[in-house]
Each structure stands twice: as C-alpha cells, then as structure tokens.
Amino acid sequence: MNLERLEYFASVADHLNFTRAAEDCHVAQTAISRHIAALENEVGCKLFYRTNRAVELTPAGKAFYSEVVPMLEHYRRALEKARTAYSGRASSLHLGIGQYEMGFVSQLFREFHSLFPDIALSVSQYPYSELIRRLEDGTVDVIFPHPATILPDGQREIDVQHMFSSAPGLLVSTETAETRFSPLPKRGIQKKDLDGETIILLTEPAGPMSGESEISQLEKAGISAAVTQVNSLNGLFLMVKAGLGIAFVPSFIETELPEGLMLLPQKLLPPQSYRSMTLKNSPNPAAGLFSKGILTSQTVMSGIKKRYLRHGE
C-alpha cells in the first residue's frame, strides 16, 4: 500500500466520481481505476459500489475512508513541516553541550547534515550549569545536559528526551593499567582496588558538576580517596596520562581518548541517563527536526550506541 494510492482513493471518495477524481489528481481515469482495483485487492474487499450512473462507498469503504483521511492529513502536515524547515525558514541549528558530548554529537550532526544539507549547524560548549538558561534565552536550540541536571520547579516548557543510559568507566593511563590493575578482576574494579589512588575530578564552579556534587557521588558509592580537581577535560586527560591519578568518566568518550589512556569497566558508580532538551514551542523548526527526527530514529541511535557505548549498555 502506498500513499499515492490512498490519495486516489480519498479523491474518488470525496467526489464519488472517477472522472472528477482523475482530473483532481492530474492522472488518467484508467490509472485511477487501476489503483482502486489494486487497493481493493490489497484490502480484501470492495470499497465502492459502481454502476454506469453512480459511485458509492461500501460500508467497508466508509470505515476505510474514516481512517485514511486523518492519516493523509497527518502526512501532509509532516511534509509541510519538513519543507518549512528545509526551505530556509529554519536556516540554522545551534546545539549546546558540556564537557563530554563532542564525540556522539558530531555523529548526530553528520546524520542531520546528510538529510538537511542547507541547514547550517553549529555547536557551543558551556558549563553544564548554564545550558538550561542558554536554551531558554534562545542562544541554543538543543542542549545535552549533565545527567544530574534537574529542571527548575514548575518548568513545563522544556521537552526532555532520553537517549541512552551509560555507566562511567575508570580512566587510567595504559602504564597504570599494566602495573596497578593487571590482571583485571573478573568483576571489574572494586573499592579495594582504589586504595592509595588519587581520584581526579572534572568539576565546575556550580551546578550538577560542582566539586561538591562530584565528591557527594563518590561518597554515596562508598569511595573514600584523595581527590584532585581540574576544570577541563584536557586537563583531566593530562593528569591521568602523567600517572597522577585516575578518573571516572562517561564510557562513551572511549573512542575519543588520547593515546596512552584507556577505560576499565567498573560497577562502583551506577549507569546514568543521558538526555536531550528542547523548548516545547521552539521558534526554530530545525529543533523539532533534530529532536523528533534524528534523536528518535532507531537506526541513528542504534549506530550511536554501537559506536560509543560499551557492549551491553
């Protein structure tokens, strides 16, 4: 069954005349008749009573028509939204990210650009504590907040969409992995394995990734260790690579790690839910194309998970 055939059916049902339906659809009457016959064969029953003088919907045809009309209307609205976004009224899309999301967001950009090459794409990095404000004031169209981000009380204007869940991995230098964590325990890293280690925390002055929040997360997991704080992902990489400590980081950054670093599996810290956020009534149609299109595509998200998440997440 195809949409063109359904359009022909709806036109005949509206006009109750094959000649007028053919004129309305700009095709030959024989083509209309052929498509209606094929549709009736596919449905498995007659949709029209036809005589030399009149055309009338059968009971089955009336039931079918009642379902087909709203479906075609929904399809036309979807086309209009896509054309609106693609025609220039949605000429750009601006994403806001924090410290960790650059890798999988670049993949999402690639997928989006392949579908809408005329929409300009850009991304800005902000502290996680600023992302919601940047979304609300229109600086960015879509954000990828820290998993611990909590919407303000009464906030109903932001649409939250779960993308995937991922447990942190333990970031170590390859040298530390060989000398300190080899052989790796079958159950992954345990609390006792962290004895004497310094944990390097990537922190921000405030918000969900503040030093206080990060230390609290370790304490909830029963992890007690010396802590050193850094304010950038590159700084964290440098410290760990120099053998000055270890770190818990999202496992999806594994493909982005510099040479000399690796992730070890651990079960001390639980998986976290990673989400996107957009304004429910965003003035930019491209935001909807991204959040309701790319981010809801099973094909796209399966590719993201396969590339960036550890097996089984």
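A residue is called buried when its relative accessible area is under 20%. In this predicted model, F252 has a relative accessible area of 2% and is therefore buried. Y274, with a relative accessible area of 4%, is buried as well.

F252 and Y274 form an edge-to-face aromatic pair, with 4.9 Å from centre to centre and 85 degrees between the planes. F252 is located in the loop between β10 (247–250) and β11 (261–264), while Y274 belongs to strand β12 (residues 272–279), so the pair ties together parts 22 residues apart in sequence.

## Other aromatic contacts

Across the whole structure, 12 aromatic pairs are found. One of them joins F18 and F48 edge-to-face, at 6.1 Å centre to centre and 70 degrees between the planes. This pair links distant parts of the chain, 30 residues apart: F18 lies in helix α2 (residues 18–25) and F48 in strand β1 (residues 48–50). F18 counts as buried at 8% relative accessibility, and F48 counts as buried at 3%.

Ring pairs also connect F9, F18, F48, F64 and Y65 into a cluster. In a further contact that involves a ring, the charged end of R180 sits over F181, 5.4 Å from the ring centre.

In soluble globular proteins, nonpolar side chains tend to be buried together. The largest nonpolar core in this model comprises 53 residues, and those with the most contacts inside it are F104, L108, F144, L171, L236 and F290. Another core lies apart from it and has 19 residues, including V12, I36, L57 and L72.

Definitions and conventions:
Residues are numbered from 1 along each chain as its sequence is written. This is a predicted model: local features need pLDDT of at least 70, side-chain atom pairs count only at pLDDT 80 or more; totals for chains, interfaces and linings use all residues. Side-chain values use heavy atoms; hydrogens and water are left out. A nonpolar core is a set of buried Ala, Val, Leu, Ile, Met, Phe, Trp, Tyr and Cys residues joined through side-chain atoms within 4.5 Å. Buried means under 20% relative accessible area, exposed over 50%, partly exposed in between (1.4 Å probe, protein chains only). Rings of Phe, Tyr and Trp (its six-membered ring) pair if their centres lie within 6.5 Å; planes under 30 degrees apart count as stacked, over 60 as edge-to-face and the rest as tilted. Helices (H or I, at least four residues) and strands (E, at least two) are DSSP runs, numbered from the N terminus. A charge sits over a ring if NZ of Lys or CZ of Arg is within 6 Å of the ring centre and within 35 degrees of the ring normal.
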